[in-house]
Amino acid sequence: SVFGGGEDLAYAEFAPGIHRLSDETTKKLETLAKALTERPALKIELTGQVDPARDEAGLREQWILNQMRERQREALLDAGKTPPALEDIEIPADRREDLLTEAYEEAEFEGKPRNFVGLTKSIPADQMRALMLKNAPVSEADLATLGKARAQAVRDWLIGVGKVSGERIFMVSPSARKGQDTDAGPSSRVEFSLK
């Protein structure tokens, strides 16, 4: 409310399992950076937050995508191309099922259906995906890391693009929110506190 934005500037929202800034979040950060620039005495604390249920599911989805991106990365390298960073690799629609199959076959976890000789049995793509989601290696430490990465992404943007001095931005230990706790805001977010 100090900046005239009310609840809108109290936090930056993130998609489940993601720490990258969306266009909507970037617009909010532009307003925040402008307000901080106009009030040089203010400092801000950033608290990365996760929703254990939604973000765990999101991290599981991201794990599958990253397995597929890694296979696409290998294909790009084999074709003599220089691939972008893993999270920037696009998964072509026409290769989606092939990449999922490759990722499934290379993933090591218990419970894969086997044929009578003990080899991994071929199953439909939706069943492969469901088994991979169920067995994705996601822990509480991964959730804490996600909360921290969200706060770091906001901090990096404020310093790099928003030109706010790093001495004015403090990161607080990440926290977990159950659903949409005490306010109507999203639970996968970075909260802003002025000091």
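Does L119 count as buried or exposed, and at what relative accessibility? Here are some friendly notes to read beside the model.

1. L119 counts as exposed because its relative accessibility is 55%; exposed means over 50% relative accessible area, buried under 20%, and partly exposed in between (1.4 Å probe, protein chains only). You will find L119 in the loop between α3 (96-106) and α4 (125-135).

2. A word on the source: this is a predicted model, where local features need pLDDT of at least 70, side-chain atom pairs count only at pLDDT 80 or more, and totals for chains, interfaces and linings use all residues. Residues are numbered from 1 along each chain as its sequence is written, and side-chain values use heavy atoms, with hydrogens and water left out.

3. Now the whole chain. It has five helices and four strands, where helices (H or I, at least four residues) and strands (E, at least two) are DSSP runs, numbered from the N terminus. Starting at the N terminus, the order is β-α-β-α-α-α-α-β-β. The C-alpha atoms fill a box of roughly 70 × 40 × 25 Å along the principal axes, and 38% of the 195 residues are buried.

4. Back to L119: together with F116 and V117, L119 forms a nonpolar surface patch with about 410 Å² of accessible area. Patch residues have over 30% relative accessible area and no salt bridge, with like charges joined within 9 Å and nonpolar side chains (Val, Leu, Ile, Met, Phe, Trp, Tyr) within 5 Å. Accessible areas come from the Shrake-Rupley method with a 1.4 Å probe, and for residues only the protein chains shown count as cover.

5. Look next at the helices on either side of that loop. The axes of α3 and α4 come within 10 Å and cross at roughly 45 degrees. α3 and α4 are therefore oblique to each other; angles under 35 degrees count as roughly parallel, over 145 as roughly antiparallel, 65 to 115 as roughly perpendicular, and the rest as oblique. Axes are lines fitted to C-alpha atoms, for helices over the stretch in contact, and angles run from 0 to 180 degrees between N-to-C directions.

6. Finally, the structure holds twelve salt bridges, each a side-chain nitrogen of Lys or Arg within 4 Å of a carboxyl oxygen of Asp or Glu. One of them joins R20 and E87 (3.8 Å, N to O). This pair links distant parts of the chain, 67 residues apart. R20 is partly exposed at 40%, and E87 is partly exposed at 37%.
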